Amino acid sequence: MSYLVLARKYRPQSFEDLVGQSHVAKTLANAIAQNRVAHAFLFTGVRGVGKTTSARLLAKCLNCLGADGKATGPTATPCQVCAACTEIAKGTDIDVQEIDGASYNGVDEVRKLQESIGFRPARDRYKVYIVDEVHMLSNAAWNAFLKTLEEPPPHVKFLFATTEVHKVPVTILSRCQRYDFKLISAQTVAARLRDVLGQEKIQADEAAIAILAREAAGSMRDGMSLLDQVIAFGGDHLRGEDVARVLGVADRTVLHALASSLLEGNAAKALSVIHEVAEQGFDVPHVAKDFLAHLRHLVVARTFSGRPDEELRPLLDLADEELKDVRAVAERFEADDLSRLYQGFSKSFDDVTRSGQPRAALEMALVRLARRPVLLPLDTLLSRLGDLEKRLAGATPPRGGGGGGRAGGSTHISSETPSADAVRAPSETPFHAGASRLSAASETGPPAPAPVPVPAPPPAPAVASPPRPSAPPRNPDPFAPPPEIFDGPPSPPPAPPRQPAPAPRPAPVSNFAGSRERAPDPFAPPPGMFDDEFAVNAPETPETTGFSEPVRARPRPSTRPEPFTPSRPDPFLAPPDEIIAARTAPRPPPEPREPRPKPEFVPAAAPAQPFKKPEPARVPLTPEQLGLVAPAPIPAAQRPDEATLTLLRQLVDETGHERADVAALVAHAAPLVLGPGRVVLGFKDREFMGVKASDPEAVAVVSRAATRCFATETAVTIDEHPPEHARVSLWEVDDWEARRRLVDARRAIAEHPLVKRTIELFGADLREIRLADAG
């Protein structure tokens, strides 16, 4: 005899044996007891939760003949011994047909089914058609099924089972009674597995049963199949380690070790655990999924800290021993840290499952979570920010040296008075000295390693004029006038120097060797005009140039061309005699001036503070502006009592069942008279609502609602001129209550200790209070 798997051997034979689907069993049993059995049922849910089993049980209940064969109708407790019960359990009953929807999904199969349903059952009470995986039928097959399914013969029952109910057309769903089968809890699966192990006389520890129940994932058939597999490995005694090794999953010790290593910040321990898991051949994505669920259990257990296990067990769905371990780990850490760990790992879980290297992805995720920074409480951060703001407000900027040099260092300024060679006033430094030295250096090539001292020449005659500095070398201009026209007599003597010099500096050598001094420029400014700014006419002395000896350019051999004589006079050029006369004309000597004193060295001042626009003074808002003032109370004479308000609410509700717009009018009306037999509603000065309420149709609607409310015939009257101090409407009372609750909520926020502490730390004031339900 072939082996019968546990899922078929221990298949439920009655609704009392059906595990985890009590709502379905009770509904079907009551329908049978009350003789209210429909002609078509649709069972939907995930795999292995009892859909096909329930269909067989229902067929057995409908066709049970009783132990003596004299049963007259369906029963919720089949006898299990009659021919119908035994044949249905074996699947050999001729009147109960099981059809595979995936194999017989065409319109031809439905047509054959329609031809056979007209015949009465051979022996049983009903012909039952169980169609499994009914969502696999084609559209043509469904369309052919519509009429038969809506009005079948009285001796035919259709039982459909599917895992994908969304693929079933709505026209079929509307013709069936739908029953949704739920996932079976792990505790229920574990209890059923213990019962089966007891009947099979096999011992198993709690860890093994817990792993089987967890891996069943809500499916009883999966749990039975896994139990068959581990029994084949472990024999008569099942241990948790063996079960985990056979199924390729991590046991609870691995999950606890991973969680503890992350919470303690020990990344090395976490990597060691993953290495052991991989070496044992466990599926890494499956381990990641189990660890994510374990982190969720830790968060839930820490949230229910201090509460009994009875409140926590429905949320975690764990065995007692596992629940105890989870609570022990969760109590060691804060709930914020646990939830933060779960969020971080959940974001990395998809990377682990989709990665081509899941182990590496999991290891990197664990290392990142183990090295996460520590969270600080909010009040500590607020205190630190407040202290930092106070220190910044009392700090003063440093003086001087704040900018730093170009290389990043600070600039040091000596307090001593610099020498004359180091610091020189602008009026005492001739601008042409540097130019002549630069020109000489450019002609002589690279500078010599050390300057060669040149003996001072004899003093120049008194009539000699200091020459101008030579310009940098340029290309010769072919259109320039001959140099002879600039030759002339020596220039007049210069003005007496401002201070006596030991020896006047000789004229610098021109760029072109052998060139003579140029004639005076007739367009040059008069002498002494720019003496203050540039000291043009001041003689170059060691005090003014900063050099002990004059530096001369090394002379070159003469390369001057022969004088050019034009063949004809240039009409645009003045006669040479006039140019020479203008250049040789004597210039009046400049007036002697006293030398200016050298400027005193002043240390650099501190950098100016950036301009800041003054902030306008913030005036604290008043309680009225913040909405902290309660609305004025309704006068006691105008406020309806609670009994009147209750009756008015009932009248508004009854009116709203018929006309919602008329109910809104009643809510805005003043209840002048409200009682059985007569209702008077007031609207002031024929306002819009009063005109609408006076409509005969609206009055009739309110009258019918009042009659239903007071259980007696009640007449309704609309008073368009109510007394001045009449009672207010229901809407006004509700509006006043809503505004009062809003003010109370705002006051509670303004008086909250954290709000006051924040205002004190930051020196702020309350500007606005918003409530979530207030928009």
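Where in the chain is the place of Gln80? Gln80 is found in the loop between α3 (51-63) and α4 (83-90), where helices (H or I, at least four residues) and strands (E, at least two) are DSSP runs numbered from the N terminus. The model is a predicted one, in which local features need pLDDT of at least 70 and side-chain atom pairs count only at pLDDT 80 or more, whereas totals for chains, interfaces and linings use all residues. Residues are numbered from 1 along each chain as its sequence is written, and side-chain values use heavy atoms, with hydrogens and water left out.

Most residues other than glycine have a negative phi. Gln80, although not a glycine, has a positive phi near 70°, and with a relative accessibility of 28% it counts as partly exposed, the classes being buried under 20% relative accessible area, exposed over 50% and partly exposed in between (1.4 Å probe, protein chains only). A positive phi, of about 55°, is also computed for Asn35, likewise not a glycine; Asn35 is situated in the loop between α2 (22-33) and β1 (40-44) and is exposed, its relative accessible area being 64%.

Gln80 is touched by Ser14, which also touches Leu57, when residues up to four places away in sequence are not counted and contact is taken as heavy atoms within 4.5 Å. Ser14 itself belongs to the loop between α1 (6-9) and α2 and is buried, at 11% relative accessible area. The side chain of Ser14 also makes a polar contact, at 3.2 Å, with the side chain of Glu16; such a contact is a pair of N or O atoms within 3.5 Å, of which, within protein, one must be able to donate a hydrogen and the other to accept it, and residues adjacent in sequence count only if both atoms are side-chain atoms.

Neighbours within four places in sequence aside, the contacts of Leu262 include Ala270, Phe291, Leu341 and Leu366.
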